[in-house]
Structures are given as structure tokens and as C-alpha cells.
Amino acid sequence: MSQSPARTHPTRRRRWLAALAAAVMATVGAAVVLTGANQATAATAFVQRCGIRFCLGGKDFYFAGTNTYDLFTYGAGSGDTETQYMDKAKIDTHMANLAADKVTVLRLWMFSMESWHGFETAKGVYNDQQFALFDYIIESARRNNIRLIPVFDNYWEAYGGIDRRLQWEGLSGGQPGRGQFFNKSKCPGCFTSYKNYVSHALNRTNHYSGVKYKDDPTIMAWELMNEPRYENQTPNENTSGTTLRAWVDEMGAFIKGIDPNHLLGTGLEGHETRYGFGGDEGNPFVYIHQSPYIDFTSAHPYPTESWANLGIEQTKTLVRAWINDSHTVVGKPFFMGEFNVHNVDRTAWFTALFTDFEAAGGDGSAFWWYSATNVDGKFGVMRGAPELAPFRTHSANMITKSGGVVPSVSVSASASASPSASASPSASASVSPPPAGSCTVHYGLSDWGSTFNGDVTIRNTGSTPITGWALRWSFPGNQVVTNMWNAVPTQSGKQVTATNPPSYNTTIPAGASLNFGFSATSVAGTNGVPATFTLNGATCTKV
């Protein structure tokens with residue numbers, strides 16, 4: 001049985017970069033999280049899959065992109081959300097530089113379980129400030145007509161990764177212990193915590209646009225994980241891929257159930273002995289990508305690593321093999337989601353590989369990685385680097401193959417893209433009860449037996465604003481709220497009250513909607529949608 005040679009992956013060398021971020025610019029104050037009547041029509045320009053091609057606006061969509069994995073760390077990571085925690089000027093400058101170099105798609109991390117810039121700082125504890133920073137990343141990308149591929153989690157240890165989820169369940173990570181994450185009998189809690197995080201992210205309402213992540217066409221696709229594998233667990237798993245495929249199927253079905261709008265990828269590296277690149281690691285390229293929930297294939301060639309030791313012609317052959325299997329066997333587009341070289345003439349390599357990629361019918365590429373400052377000496381590329389010249393040519397060629405223009409991204413929602421501090425009444429503002437019959441509540445339930453998520457949307461169907469609000473309901477069984485976002489919970493027995501936060505989300509204008517969500521525990525078989533909801537004492541209609 002062949003085993004993958006050891007290597008130091010680029011994602012393992014990234015922690016030191018976090019210390020470079022600093023807080024600077026002041027801009028706007030607290031924001032109101034509101035969705036308007038137009039949100040249902042906001043999703044109008046999603047990238048889709050049309051057979052073996054990506055498509056957009058009725059035409060094939062080919063793209064040239066890059067990675068900036070650490071974009072989520074741009075800011076102090078503490079202090080006021082809008083003026084300190086995030087560095088809007090740095091984000092905007094980076095997006096403008098990407099656009100100037102003809103980047104049309106950006107792959108980036110949307111995970112961290114660490115205390116600094118952590119999305120999930122403890123099991124089930126989601127950091128609203130960090131998600132607010134990601135809100136701004138989406139907004140800045142939209143303004144620069146860049147589509148995003150966020151990644152939900154990391155196989156490797158950088159920023160916590162699945163090692164942290166294993167730790168939360170009392171298990172050890174590292175190699176080969178990480179394999180337990182994908183085995184439901186060994187770590188059922190890993191499945192639950194991953195689903196809870198993904199559900200929270202997909203149902204997040206961007207506090208600038210008022211559009212939920214799952215409804216935003218600025219996001220081209222999601223990836224399940226950065227470089228998942230189920231390596232050295234059983235005698236045949238390295239080649240069969242049975243366990244990882246089962247995990248991909250379950251998580252893919254879960255995500256598509258919440259978000260049918262967006263494409264979904266695996267984040268696979270494409271290692272396999274039959275390709276002459278790496279070894280068999282429990283993630284066979286064809287079988288895993290044949291999952292009915294996966295929309296495109298991916299691979300990450302690093303040909304000049306010592307364990308790979310491939311020349312330019314060998315690398316062309318490798319990439320063509322992936323493209324051929326993607327199109328003729330799997331029947332899906334191929335995304336070269338990471339790649340780079342070092343200690344060679346990078347401009348010559350980029351020129352040769354991009355030219356051959358286009359000729360072979362590759363669908364999208366994203367080199368590793370476009371840095372903002374203090375470029376990583378091995379793989380980092382900064383504005384002005386000579387290898388960006390062949391990249392720009394490549395991007396221009398991919399745009400020409402797409403019909404000559406990249407359609408702009410647009411969304412429609414009622415929330416202002418530039419919220420002001422005056423939109424945030426103080427916590428002491430008096431509540432105004434809505435007239436009878438002038439509110440509706442939609443309660444979305446994602447139930448996994450012992451845990452579940454609730455997604456609640458309140459709509460003011462009256463003609464006057466509701467200022468200050470408290471929504472009350474009773475659980476049907478033994479359900480206990482463990483975490484709530486965009487609202488403040490109190491619970492007494494089965495009775496739950498969700499009230500507006502003190503600094504935002506305080507008013508529901510006439511005709512507008514407001515969304516919040518929560519995680520909770522339950523007793524299997526006792527859950528369900530509450531019978532009634534009252535808003536400031538008035539009964540709302542369930543929808």
C-alpha cells in the first residue's frame with residue numbers, strides 16, 4: 001500500500017502572519033441587522049454548473065483567481081467592531097489590488113477556533129464581531145466585482161482546524177488521529193459541531209447589505225474543508241475513500257438543504273499514486289467528487305516540493321489528467337484551487353502552466369497566494385510581482401472565453417450599506433407593541449436529535465415601526481438554548497424570550513423583516529415548531 005510522502009503544507013506556516021495585523025481606520029458606527037421585502041429576490045446572479053462547465057448569466061464562466069487565506073485577520077481583533085476590530089481600509093486596498101491584477105475569484109478562509117479573530121472561539125460560541133468583519137469582506141469583494149469561495153474548516157492545525165473540534169469532544173488530533181473526525185461512530189459530536197457552525201454561517205445576515213450569506217451571489221461557492229483526507233485508518237481506506245465519501249455526502253446534503261443557491265466543492269488536493277503526485281490518502285479524486293452534492297472537482301499542485309519533484313512538462317501532464325477525469329469521468333468542472341512553485345523561475349512556470357491550462361479546457365484556477373504585506377518568501381505574491389504579468393494575461397484569456405465580460409455582482413435588500421450610529425437606539429428605548437395581526441414569524445428548525453438550530457424571521461406587516469422588541473414562545477419539549485446570535489435570550493423552563501441587543505437590531509420598520517438564530521440542546525423525538533409566538537405581547541401569525 002502506497003503512503004503519501006510527508007510534506008510541510010503552506011497552511012501550516014501561517015500563524016506567524018497573524019501578528020502583523022493592526023487596527024487603524026474609523027468609519028461607521030453600529031449597524032442595524034434588517035432584511036427587507038426584496039430579500040427573496042436578492043439572489044439573481046449566482047454562478048452555476050452547466051454540465052462540465054461553470055456558467056454565469058447564460059454563458060460559460062471561466063476564471064483566474066487566487067487565495068488570500070488570512071483576509072479575515074485584517075484588523076486589531078479587539079475593540080469597537082466597526083472602527084478597530086476590522087481594518088476596512090486594508091480590506092478595501094487589498095480588494096482593489098486584486099481587481100487591478102484581474103483577479104475575478106478569491107478563495108479564502110472562513111474558519112478559526114482561536115481567541116484572536118476566531119469565528120468560533122469555543123464549541124458553539126460564535127463571535128459576532130468576526131462575522132461582522134467577514135460581512136465587510138463580502139461587501140468589499142462585491143464592490144470590486146470579485147466572487148468568493150469561502151472554506152468552512154481546515155484539515156490542518158492552522159487556526160484550530162478539526163483538531164480543535166476533536167479536542168472539544170475529548171479526543172486527540174494530529175496524524176493519524178484526525179481521521180476520527182470523519183468517523184461518525186468515533187466522533188458524533190464532530191458531525192454536530194461542524195453542522196452547527198455551517199448552519200450559523202449560511203444563515204448569517206450581512207449587517208451591511210441585509211442579505212443572508214446563503215442568498216448572496218457575491219459568494220461563488222463554498223468548500224467543505226481545506227484538503228480533507230482519511231489517511232491510514234484501515235487497511236483499504238487509503239484507496240477506497242469510503243468513510244470520507246460518506247462524510248462528504250452527509251455534509252453536502254446538509255448544506256444543500258439550507259443553501260440550494262451556491263455551488264459546493266470538497267477542497268481536495270488531488271493526491272493519488274495513479275496520478276504520480278503524492279500518495280493514496282483516503283480521498284480518491286474521482287470517487288469523492290462523484291458525490292451528487294459536489295458541483296466541481298479540485299486539486300492543489302505544488303510540483304517543486306521535494307516529495308513531488310515534477311518539472312514543467314510533468315506538471316502539465318498531471319493537470320491535464322485531472323481535467324480529463326473531471327470532464328469525462330466525473331462530468332464536472334475542474335478548479336485548480338491552489339498551486340505555486342518556488343526556487344525556480346516563477347514567471348516562466350506561470351506562463352507555461354496557464355497557457356496549457358487554457359488549452360486543456362481547465363475551468364478555474366487560484367494560485368497560492370496573494371499577500372497584502374510582508375510577503376511569505378516561499379509562495380507569497382504581492383502587487384507588482386513579475387509573475388502577475390502572465391497571470392493577468394491568463395485572466396484576460398479566461399474572460400474572453402467567458403464572452404468577453406464578467407457580469408457584475410448585485411444584491412437587493414433594505415438595509416443600508418453604510419449604517420450610521422444614529423440607527424442604534426439605546427437599550428433603554430421603550431418598546432412599542434404592534435397592532436394585533438401585524439407580525440408574522442417563520443421558525444426554521446434544523447434538528448439533529450440531541451442538538452438543533454433555530455432560524456427565526458420576524459416580519460412587521462403593519463404600517464408603523466416596532467421599536468424595541470421581545471419575541472416569546474414555548475418549546476414543545478426539553479429544549480435548552482445554548483447560544484443565540486442577533487438577539488439576547490432568556491429562558492425559564494420551556495418559556496423563551498428573545499429580545500433586541502442593546503446596540504443594534506432594535507427597530508423593525510414597517511414592511512421589513514428581522515432575523516436571528518440560535519443553537520440548543522434537545523431530547524430526541526421531543527422537538528418541533530412552537531405553537532405560538534408573541535411579539536411585545538401581540539400574537540404573530542406563523543408562516
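Here is a short tour of the model, one selection at a time.

This is a predicted model, in which local features need pLDDT of at least 70, side-chain atom pairs count only at pLDDT 80 or more, and totals for chains, interfaces and linings use all residues. Residues are numbered from 1 along each chain as its sequence is written, and side-chain values use heavy atoms, with hydrogens and water left out.

Start by colouring by pLDDT, the predictor's confidence in each residue, from 0 to 100. The protein chain averages 87, and 87% of the residues score at least 70. Now pick residues 1-44: pLDDT is below 50 there, and the stretch has 147 contacts beyond near neighbours in sequence (contact means heavy atoms within 4.5 Å). Residues 414-431 are also below 50, with 36 such contacts.

Next, select serine 209, in the loop between α5 (188-202) and β9 (221-223); helices (H or I, at least four residues) and strands (E, at least two) are DSSP runs, numbered from the N terminus. Serine 209 is buried, with a relative accessible area of 6% (buried is under 20%, with a 1.4 Å probe and protein chains only). Show its side chain: one of its polar atoms lies 3.2 Å from the backbone nitrogen of valine 211.

Last stop: select Lys316, Val319, Arg320, Ile323, Met336, Leu353, Asp356, Phe357 and Ala360, which line the second largest cavity. The elements giving two or more residues to this lining are α9 (312-330) and α10 (346-359), and α9 gives the most, with 4. A cavity here is a set of points on a 1 Å grid over the protein atoms alone where a 1.4 Å probe fits but cannot get out, and lining residues have an atom within 4 Å of a point.

Technical notes
1 Å grid on protein atoms, 1.4 Å probe; cavity = no way out; pocket = protein on both sides within 12 Å on 5 of 7 lines; lining within 4 Å. Buried < 20%, exposed > 50% of the residue type's maximum accessible area, 1.4 Å probe, protein only. Polar contact = N/O pair within 3.5 Å; in protein donor to acceptor, adjacent residues only side chain to side chain.
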